[in-house]
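Here are my notes on this one, jotted down as numbered points. Have the model open while you read.

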Amino acid sequence: MISYRAIVPADLHRVTAWVVTEPVGWIAADRYLAELAENMYRPEWTWIAEVGDRVVGRALWWGPRDSAYPVALDCLDVDPAVGERTAVAAELIRAALAGFPRPVQYAIKAAGGWRDDPATSAAVEWRRAAAHAAGLTREVERLQFEWAPADGVPPATGALRFAEASDEEFLAVFTRIAEGSLDAQTRASVAAKGVEATARKEMDFYLGAPGKRAWWRIAYTQEGEVAGMAIPSATPYSVNVGYLGVVPEFRGRGYVDEVLAEITRLHAANGESRITATTDVGNAPMAAAFRRAGYRNTEIRINLSNDFQS
């Protein structure tokens, strides 16, 4: 019989001995222990499936160091010897979700073209099926990009000028950009909550992120009209592109390249050696802009959630 529970400190050696052998992203012992010390992994967020005294599955949930609850499932694996891995993994997720009242998401990380590689496809599909069975049914596939100094710093062309602005001014631009957005999470939020609530939620997310508010810029045309905005940001691991967009009336003029270039220049000027970024697979214009700016696609993330996250 399989049992499911959160670990206690005495279980740590069993959790950290686990190795994932399939070609998907996973959390190794050194990273887990380092972030456990930072309160981003916790025993009460670390769930195992057991048969007797043998660990046959684990689910590692992550959250900000000051959060009451986790926000993401970082690593999910089940010993193939148990038979039906999907069923065991689904129950492992369900058991944890019963104590997590807030929305969460699970990102399965794999190499680009994962559907064409049988081993990678199999590793993704049983995890994906487990997440769906446990209620994480909203799915968005995203491209992860990365920039390094060797990829080149885009020059300023003068097509737009960038300036700091108040929170009220930024909120107004968040609201305008949300209209007609190609981003799946934004579109779902607008449909469920409306444009204004979506804009406030997105702005609040970036105000709470590790990036600096002083980095934010509104983009203006040479005639002084608002064209969009650049929100350089960060995660606990690296700086990132954060949020960028062009208001509806100025889309299709190439301004997205100018806004992305401004974010890249700011991080580069601060001496950053790595900038990360993500966009939906379905957002072809944004993916093309990243590639034009020298960003390289490093992996695919299949994001599964029980509510769309900002």
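1. The C-alpha centres of domain 1 and domain 2 lie 32 Å apart. Domain 1 covers 2-136 and domain 2 covers 150-297, with bounds that come from an automatic or database domain assignment.

2. A word on the ground rules. This is a predicted model, where local features need pLDDT of at least 70, side-chain atom pairs count only at pLDDT 80 or more, and totals for chains, interfaces and linings use all residues. Residues are numbered from 1 along each chain as its sequence is written, and side-chain values use heavy atoms, with hydrogens and water left out.

3. Overall make-up: the chain has nine helices and twelve strands (DSSP runs numbered from the N terminus, helices being H or I with at least four residues and strands E with at least two). Its radius of gyration is 21 Å, close to the 19 Å from the globule rule for 310 residues, so the chain is as compact as a globular protein of that length. That radius is taken over C-alpha atoms, and the rule is 2.2 Å times the number of residues to the power 0.38. The C-alpha trace spans about 70 × 40 × 35 Å along its principal axes.

4. How much of the chain is buried? Of the 310 residues, 51% are buried (under 20% relative accessible area; exposed is over 50%, partly exposed in between, with a 1.4 Å probe and protein chains only). As for contacts (heavy atoms within 4.5 Å), take those with a separation of 6 or more: 71% of them join residues 24 or more positions apart.

5. Now Ala-277, in strand E11 (residues 275-280). Ala-277 counts as buried because its relative accessible area is 7%. Beyond its neighbours within four places in sequence, Ala-277 touches Leu-143, Gln-144, Phe-145, Val-241, Phe-290 and Tyr-295. Val-24 is 253 residues away from Ala-277 in sequence, and their C-alpha atoms are 19 Å apart.

6. Compare Thr-298, which sits in strand E12 (residues 296-305). With a relative accessible area of 39%, Thr-298 is partly exposed. Setting aside neighbours within four places in sequence, its contacts are Gln-144, Phe-145 and Glu-146. Between Thr-298 and Ala-110, which are 188 residues apart along the chain, the C-alpha separation is 9.2 Å.

7. One link to look at on screen: Gln-144 and Phe-145 are among the contacts of Ala-277, and Thr-298 also contacts Gln-144 and Phe-145.
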